[in-house]
Amino acid sequence: MPKFSPFDATLWYATAAPAPDTSPLAGTIRADVCIAGGGYTGLTTALELARSGVKVVLLEAQEVGFGGSGRNAGHCTPTFTHYALPELREMLGEPWAERLIQRQTRANDRVSAMISRYGIECEWQQNGYVMGAHTPSAMGGIEKKAREYNAVGARTRVLDRREVEAMTGSPRFHGGWFHSEAGHLNALGYARGLARAVISEGGAIHTQSAVTKVERQGGGWAVKTPAGQVIADKAIFCTGAYTVGGWPGLDRTFKIQRVFVAATEPLPEDMRSSVLPQNTTIHDGRGDIFVYKYDADGRIVASMFPMGPRGRDISYTKQVMTDRLKWLHPQIRQDLRWDFFWFGELDMQYRTIPRLYDLAPGIVALTGLSGRGVPTGSMLGGVLSEWALGVPENELALRLEPLTATPSYMSFGPQLMLRYYRVRDWLTARRDGAELPPHA
């Protein structure tokens with residue numbers, strides 16, 4: 001049994017709107033579709049189906065948002081991790097690439113619409129995202145990124161050095177990329193709000209109801225939990241990195257990569273007027289990423305990946321984050337207190353795009369969000385609901401494929417890549433004569 005990091009240590013657990021009332025499954029109930037997993041993907045799938053008049057039951061092993069959906073840093077940027085759009089087209093082929101690109105780049109339309117339609121209390125702010133150019137030569141890649149995303153309908157633009165400083169309050173960037181449609185939110189508040197929306201549309205949610213087994217029953221499936229079962233025509237697994245049992249081999253389709261997130265004390269109003277003055281999300285542009293934004297109370301919420309003592313030694317890790325933030329924003333002169341520090345688990349795929357598995361007739365599973373949680377999980381509900389509603393396989397936005405274990409090198413590959421990115425950042429800065437941040 002995997003041991004996941006504590007859930008109640010997160011900032012979102014302390015500040016999110018309350019969860020809706022739910023209870024464990026007891027006895028036998030009937031549904032058209034049964035969904036395992038109460039994160040963004042499962043919840044948005046259930047919501048789409050319930051709105052279409054489908055009788056849907058969602059089963060969650062712990063509580064709504066217990067996994068990555070309640071632990072992530074709350075960034076909502078509708079882009080792809082690691083791959084440029086031409087690389088995606090080459091890797092996925094057509095029409096799959098264009099379908100997925102369209103879904104992902106328009107994901108924030110769906111997020112914003114659901115928040116508005118259901119009055120979800122989740123601190124939603126749609127003020128954009130800035131990726132900084134940490135060296136002069138990084139501007140070439142940023143200009144290319146802007147051209148590629150704008151060509152598919154995204155609203156982005158390149159920032160010069162003066163513009164990026166005005167927008168972020170940091171003098172360290174040589175320019176940047178601004179994605180105006182990006183946003184940020186309270187991650188757990190959003191998940192709980194989606195759960196309320198599912199219930200309001202007639203869907204059923206049972207928490208503390210882990211799926212233990214799935215068996216054929218008549219023309220459908222019996223999805224079993226410790227105290228009950230759902231008899232359904234179709235079943236969908238959306239358990240991600242927090243998959244424990246349920247279907248043989250599903251937990252081998254990814255490797256877990258940990259990420260940590262920390263939140264400061266609320267910053268004074270005068271400091272907030274010069275640090276992230278436009279309340280955007282900031283990515284410092286490095287391969288060894290540092291991403292940060294505000295919550296509703298004026299706390300800086302920042303995330304990084306563990307590396308060496310960073311992540312293991314908590315005091316050292318908080319000092320690294322303090323030094324990085326104060327280097328980016330020299331106007332921060334006070335000592336920073338980090339009030340919250342927590343970990344989450346990512347279901348890493350070597351391709352860092354979701355994988356849709358055909359488990360058996362009438363059963364699919366989806367894993368491999370690879371850390372692109374809020375927009376990706378939200379748009380995948382549309383894909384999975386279309387499958388459940390009978391959209392032909394060749395018309396879906398993801399290709400159905402057989403269940404496949406992730407390569408063994410994924411046990412160490414992501415850490416090696418982080419170290420490679422760190423060395424590359426260092427070499428590029430030396431070549432360009434750019435200053436390196438502390439602990440780089």
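Me: How many of the 14 residues of H9 are buried?

Reply: This is a predicted model, in which local features need pLDDT of at least 70, side-chain atom pairs count only at pLDDT 80 or more, and totals for chains, interfaces and linings use all residues. Residues are numbered from 1 along each chain as its sequence is written, and side-chain values use heavy atoms, with hydrogens and water left out. Buried means under 20% relative accessible area (1.4 Å probe, protein chains only). H9 is largely enclosed by the rest of the structure, because the buried residues number 11 of the 14.

Me: Which backbone nitrogen does a side-chain oxygen of Asn186 reach at the start of H9?

Reply: Helix H9 covers residues 187-200, helices being DSSP runs (H or I) of at least four residues and strands (E) of at least two, numbered from the N terminus. At the start of H9, the side-chain oxygen of Asn186 comes to within 3.3 Å of the backbone nitrogen of Leu188.

Me: Is Tyr294 buried or exposed?

Reply: Tyr294 belongs to strand E14 (residues 291-294). Its side chain reaches the backbone oxygen of Val275 at 2.7 Å. Since its relative accessibility is 3%, Tyr294 counts as buried.

Me: At what angle do H4 and H5 pack?

Reply: Helix H4 spans residues 85-92 and helix H5 residues 96-105, with their axes (lines fitted to C-alpha atoms over the stretch in contact) 8 Å apart. Angles run from 0 to 180 degrees between N-to-C directions. The packing angle of H4 and H5 is about 140°.

Terms used
Buried < 20%, exposed > 50% of the residue type's maximum accessible area, 1.4 Å probe, protein only. Polar contact = N/O pair within 3.5 Å; in protein donor to acceptor, adjacent residues only side chain to side chain. Expected span 1.5 Å × (residues − 1).
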